[in-house]
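Look over the sequence and the model first, then read on.

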Amino acid sequence: MRVNPRIINQAVRVGLSAQALFTVSILVVIVAIICVKGFPYIDFAFIFSFPEDMGRHGGIFPSIVGTIQLALLSILLATPLGVGTAIFLTEYTRESAFTKLIRFGVESLAGIPSILYGLFGFIFFVIKLKMGWSLLAGVLTLTIMILPTIIRTSEEAIRAVPRQLRIVSYSLSASKWETIKKVVLPAAMPGILTGIMLSIGRAVGETAAVIFTMGSSLRLPLSLMDSGRTMAVHFYILAREGISMEKAYGTALVLVLSILLINVVAYYLMNKAIARYS
Amino acid sequence: MNEFALETKDLNLYYGNFHALKNIDFHVHSNAITALIGPSGCGKSTLLRCFNRMNDLIEDIRIEGGIYVHNEKLDEIDIINLRKKVGMVFQRPNPFPFTVYENMIYGLKVHGMSNRRTMKEKVEKCLHAVGLFDELKDKFHMPALDLSEEMKQRLCVARLLTVEPEIILLDEPCSALDPIATMRIEELMIELKERYTILIVTHNMQQAARVSDYTGFMLLGDLVEFGDTSQIFTSPGDERTEGYITGRYG
């Protein structure tokens, strides 16, 4: 018997909205739990004071600073490297076995679990290069970890810029580099920014790769060679070792709120860029 | 010897094994409009693109014979200078996805200009030249992609004029425009020929007849006939030309 297409349509509609609702509600539940459990512990002192007694008391100021340092420096390193690689792959090479190899490498890197990056960072930066547990080792490890995301998203964005725009630029007697700098990159900017934002999110939320390389010192990192503890790592240790669930939830809430803030700011910047360039 | 703005001598061009232009002897007079007509795939755009070396971007292309810009051999002109001298307007209006003003100063910046006042004066002058100034004077900072198709194409012409070309190549500049916009662009061409040399490729025979002083008819890579536009359209010397302009094929 043939089922009435209108009924199938309705069923699909209901089914799909149920799926969407399910996905969103999980997210909402997680955020809600963190908010409810963490909110009572957040105040001015929690954010701006130093932890005491392994984090059982006091605030998380050094972790907030450490998170910002780590994410910011990694992005500052990975962005020029990643965007540069993407420009090379799209504008300066023809599709060949060589570019396929690079692309394959990039994709493989993107699929490696972060703990392996942590292990590599530990063996190479911390031990071999004698950096010790330090902000520097953490930054270098995270840079390698987020590079593939930046390369892939930048490459897609650059590829999406119409070829015609490059040709016009040449016809106005611009050189290749001028064309890339003044036409291709600005036009690809929204896409490139998306990749950068995704990467910031990854860097801020990362634990495994950080704990092995930047360590988990509770002091405020004042130089590149200091160890430090990001909010994600702080949360992990507080919860894992049962030091203080209250402080753990407080930290988690600050972490979630800062990621939310980053995303809101990113969307705002991105919409501005998009409005300008399209 | 007569000096032509553009000239080719025994020009042959191959895309891989395909012989796209065959022994072309062609010239373009200064301060006049020369039109190239012919059915699709006859090589007219390919010939046009030879003059600012836009064909360089295509792989597997081979060019033999002489191409001259103001009697100077093309190969001996630095490509940046060549493209400054020989500008081009494309089939589809293609402003950059930036503001009107940023589009207009693009060429100026590429040529190293940085003084804001001089740039602004230049932009205003070129927008006047294409009749866009009054409409756009308060809209310098709107996105160029929000303009109508005709205004975009005018903007592209204005953007080109900022770099002060001597010769303008137009590659079917009206094929994406409606008839009224087409008429306006044609009027613009006639105004511009006072100061510029224009070579236009067009699909539209009436357009060639309306605006050009000289017309070349191309077919399958040959330049079949070249002469005064009035002569080509009233008493063509070759029956293939006659066949095309009377609409027997096209």
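In which element of chain B is Asn23(B) found? Asn23(B) belongs to strand S2 of chain B, which covers residues 18–28. The model discussed here is predicted.

Most residues other than glycine have a negative phi. Asn23(B) has a positive one, near 45 degrees. This residue is partly exposed because 15 other C-beta atoms lie within 10 Å.

Lys130(A) also has a positive phi, near 55 degrees, and is a residue other than glycine. Its place is the loop of chain A between helix H5 (114–128) and helix H6 (135–159). Lys130(A) counts as exposed because 8 other C-beta atoms lie within 10 Å, and the cut-off for exposed is 12 or fewer.

## Chain A

Chain A contains 11 helices and two strands. Along the sequence, the pattern reads α-α-β-β-α-α-α-α-α-α-α-α-α.

Taken along the principal axes, the C-alpha atoms of chain A fill a box of roughly 65 × 65 × 35 Å. Of the 278 residues in chain A, 37% are buried. Among contacts in chain A between residues at least 6 apart in sequence, 75% join residues at least 24 apart.

## Where the chains touch

The contact involves 17 residues from chain A and 18 residues from chain B. On the side of chain B, the elements that give two or more residues are helix H2 (79–85), strand S6 (86–89) and helix H3 (100–110). By class, this side of chain B has 12 nonpolar, four polar and two charged residues.

Technical notes
Residues are numbered from 1 along each chain as its sequence is written. Chains are lettered from A and ligands numbered from 1 in the order in which they are written. This is a predicted model: local features need pLDDT of at least 70, side-chain atom pairs count only at pLDDT 80 or more; totals for chains, interfaces and linings use all residues. Two residues are in contact if their C-beta atoms, placed from the backbone, lie within 7 Å. Helices (H or I, at least four residues) and strands (E, at least two) are DSSP runs, numbered from the N terminus. Ala, Val, Leu, Ile, Met, Phe, Trp, Tyr, Cys and Pro count as nonpolar, Asp, Glu, Lys and Arg as charged, and the others, Gly among them, as polar. A residue is buried if 20 or more other C-beta atoms lie within 10 Å of its own, exposed if 12 or fewer, and partly exposed in between; C-beta atoms are placed from the backbone.
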